[in-house]
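Subject: Structure for your review

Dear colleague,

Please find below the structure that I am handing over to you. I would be grateful if you could look through it alongside the notes that come after it.

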Amino acid sequence: MTQIAIKKFNRDILGLKKEVRMLRSFLIGNLLKDNEGEYKQKFIRTILMASKENAKFVFKNGEIFLGQLQKKNL
């Protein structure tokens, strides 16, 4: 084989590998469903928005954490 043919062959193999990865990902995503179901889009948006906000409390140890939880529940 010439060098040009080898390079073309390698590019073709890389392209096939990418396609196989994409097909595998598609099949796994569509065939294997989570037993607990899918997350609702509204829930996902809420969580992502909350993750961008600054934290309201800083917990330095377990006692402070439990104290904040007890205050919140009262």
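The notes below describe what was found.

Please bear in mind that this is a predicted model. The protein chain holds 3 helices and 0 strands, and its pattern along the sequence reads α-α-α. Of its 74 residues, 0% are buried. The chain exposes about 8,000 Å², of which carbon and sulfur atoms supply 61%.

Helix 1 (residues 3-31) contains both D12 and K8, which are 4 residues apart and therefore separated by about one helical turn. These two residues form a salt bridge, in which the closest N and O atoms are 3.2 Å apart. A search of the whole structure finds 1 salt bridge. D12 is partly exposed, at a relative accessible area of 37%, and K8 is also partly exposed, at 45%.

Helix 2 (residues 41-52) comprises 12 residues and reaches 17 Å from its first C-alpha to its last, close to the 16 Å expected at 1.5 Å a residue. The number of buried residues in helix 2 is 0, so this helix lies largely in the open.

Helix 3 spans residues 62-73 and includes F65. With a relative accessible area of 35%, F65 is partly exposed. F65 also belongs to a nonpolar surface patch, together with F57, F59, I64, L66 and L69. The accessible area of this patch is about 530 Å² in total.

With kind regards

Technical notes. Residues numbered from 1 in each chain as written. Predicted model: local features only at pLDDT ≥ 70, side-chain atom pairs only at ≥ 80, totals over all residues. Heavy atoms only, no water. Patch = residues over 30% accessible without salt bridge, like charges linked within 9 Å, V, L, I, M, F, W, Y side chains within 5 Å. Areas by Shrake-Rupley, 256 points an atom, 1.4 Å probe, with all protein chains shown as cover. Salt bridge = Lys/Arg side-chain N within 4 Å of Asp/Glu carboxyl O. Helix = DSSP H or I, 4+ residues; strand = E, 2+ residues; numbered from the N terminus. Buried < 20%, exposed > 50% of the residue type's maximum accessible area, 1.4 Å probe, protein only. Expected span 1.5 Å × (residues − 1).
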